Amino acid sequence: MVQLSAAAINRVDVAVIGGGIAGVAIAEYVARHTNLSVQLLEKNSHLGGDSSGKLEGWFHTGALYSGQDDGQTFFNCVNGVEDLLNHYSSYFASRCNLTLGQYDHGYRPTVSGAGWFDPNPVYLIHPQRHSPEMLQSGLKGDRVQLEMQLKRVLGRLEMAYGQQFNWRSPTGHGAAAPDYGHLESYEQRGCSLLSQSEKISHYCQQFDLSHGVEPSDYALLKSLDCAMDTQGILQDLTASALAHGTAIATGINLEQINVDRYGPVRVQSIFYRDRQGQQHYLKANAFIFAVGAGFDRILPTLQVRAKLKRSRSTMVVAYPAVSPHNFVRMSTKNSYHFNHFFQRANIFDSSQSLNYSMLANSGYVSNENDCLASGEIELLLDTAARYFGEDNLYQRQLWSYDCIKTEFISDDVQKRRYSYWIEVNPQSNYLCVLPGKFSFFPTVAVQTLKQLKTILPAPEIDRNHQDYHAYCDQAQALVASPYPHQLLAAHLKNKANS
């Protein structure tokens with residue numbers, strides 16, 4: 001008997017290739033705001049299984065980048081907050097708990113209650129001239145650089161999230177963030193975000209004493225940055241995408257991109273196999289590539305010139321958590337960078353959440369320098385022990401892992417672009433959303449739809465009334481658990497079996 005083999009041929013308006021946070025957010029937003037049919041394809045068995053599930057869960061509102069010479073990255077983060085407020089907080093009202101709060105001087109973004117974001121703030125620890133790194137250096141230029149950095153941090157953050165700017169839109173509907181001119185015209189009139197935290201100050205004192213110096217003064221700022229529930233965000237976006245008709249296929253093997261090279265390059269179809277090995281030809285009016293890792297392999301086919309770089313950040317998971325407080329040290333010396341994030345996880349569908357810590361250092365190295373991994377771990381553990389004490393740290397279960405990220409970089413290969421980049425040719429039928437940071441998922445989706453309309457006209461409609469809650473169970477099965485949760489689950493399972 002002859003065994004027949006045939007490829008299924010499907011056609012949709014928009015095909016999104018890549019099921020990380022960018023791809024999921026784009027598919028959801030396009031489906032929610034248009035009548036276009038959408039298909040989402042992901043190579044892994046679950047959505048969000050690569051770098052989207054390995055990051056430390058830090059929602060960036062700009063605080064970490066507020067002291068950089070170039071204010072563009074900070075401005076990008078502030079825009080991301082505006083997009084979240086205007087395009088997500090109302091529709092996901094029961095889950096997106098970052099909203100506009102009213103204060104004596106107007107409105108500004110605030111996090112409260114339970115939901116995507118943890119209301120416990122991230123404190124910025126900014127060292128002063130008598131800190132260990134400054135005493136170790138002894139250079140006047142380093143002190144001047146430190147003072148200039150603090151000036152920018154205080155001014156920009158106060159202008160963006162303090163009392164110098166009212167976020168309420170002039171129309172009375174939605175939010176309007178300060179523009180670049182506002183952020184760079186800050187005045188040094190004090191900073192309402194300067195704060196006191198007895199526990200954070202205690203950690204700083206322990207850190208100084210561990211270096212053999214007397215406790216020094218630190219500027220502590222309460223930022224809008226916070227820990228976020230990456231898995232919950234992905235599940236809610238996936239549920240909404242399903243509710244608006246998005247077809248999602250995971251575990252696929254993309255084998256070929258068929259292009260028409262006569263004139264402007266156009267994608268005719270893509271050929272892939274599903275998890276059962278069935279062949280599929282997918283035709284679409286528009287293709288959106290948001291594949292993250294592996295993007296460099298398909299860029300030549302799409303004739304896109306972009307520089308991509310794979311970088312590696314070392315993470316340490318500590319269970320139980322070493323502290324309930326979130327903080328980041330903003331030092332001019334890379335070796336002194338340190339982040340601590342308090343996170344929660346529900347393992348095995350338990351109603352009781354587990355608390356754990358994410359330790360990192362804001363640093364990154366080229367993925368080619370594998371020999372540096374052990375050195376990074378040692379530095380990270382040494383710094384954590386200086387803040388929390390060796391006994392407190394090592395009585396916990398500790399794991400280390402590397403988070404590999406593929407990122408678009410500018411012409412200056414040493415300068416990271418902390419934002420995505422959308423490459424589009426209006427004469428063609430595809431977009432490339434080159435990787436950036438998780439924090440920008442609202443802006444990635446909003447801007448991608450704008451660019452999509454240049455190649456596939458589609459009237460924008462209001463479909464925010466659609467109830468996505470009925471699809472939450474299906475979405476939960478599609479989204480991968482964050483990597484730290486997988487480590488905790490394996491540990492608890494082994495412990496129960498021993």
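## Ground rules

Since the model is predicted, local features need pLDDT of at least 70 and side-chain atom pairs count only at pLDDT 80 or more, while totals for chains, interfaces and linings use all residues. Numbering starts from 1 along each chain as its sequence is written, and side-chain values use heavy atoms, with hydrogens and water left out.

## The second largest pocket

The second largest pocket holds about 990 Å³ of space. Its lining counts 45 residues, and Asp229, Gln231, Ala345, Asn346 and His485 are the closest to the centre. Elements that give two or more residues to this lining are β6 (117-127), β7 (218-228), α7 (230-243), β14 (338-345), β15 (354-360), α12 (472-478) and α13 (483-497). By type, the lining splits into 20 nonpolar, 18 polar and seven charged residues.

On the terms: a pocket is an open set of points on a 1 Å grid over the protein atoms alone, where a 1.4 Å probe fits, with protein on both sides within 12 Å along at least five of seven lines; lining residues have an atom within 4 Å of a point. The volume is the space filled by probe spheres set on the points, which are joined across faces, edges and corners. Helices (H or I, at least four residues) and strands (E, at least two) are DSSP runs, numbered from the N terminus. Ala, Val, Leu, Ile, Met, Phe, Trp, Tyr, Cys and Pro count as nonpolar, Asp, Glu, Lys and Arg as charged, and the others, Gly among them, as polar.

## Gln343, on strand β14

Gln343 sits in strand β14 and is buried (under 20% relative accessible area, 1.4 Å probe, protein chains only), at 8%. Its side chain reaches the backbone oxygen of Glu56 at 3.0 Å. Skipping neighbours within four places in sequence, Gln343 has contacts (heavy atoms within 4.5 Å) with residues including Glu56, Gly57, Met228 and Tyr356.

## Ser428, in a loop

Ser428 belongs to the loop between β18 (421-424) and β19 (430-434). Ser428 is buried too, with a relative accessible area of 2%. A polar atom of the Ser428 side chain lies 2.3 Å from the backbone oxygen of Val265. Neighbours within four places aside, Ser428 touches Val265, Arg266 and Ile455. Ala286 is 142 residues away along the chain, yet its C-alpha is 8.7 Å from that of Ser428.

## Helix α1

Twelve of the 13 residues of α1 are buried, so this helix is largely enclosed by the rest of the structure. Among the buried ones are Glu28, Arg32 and His33.

How values were computed: Buried < 20%, exposed > 50% of the residue type's maximum accessible area, 1.4 Å probe, protein only. Polar contact = N/O pair within 3.5 Å; in protein donor to acceptor, adjacent residues only side chain to side chain.
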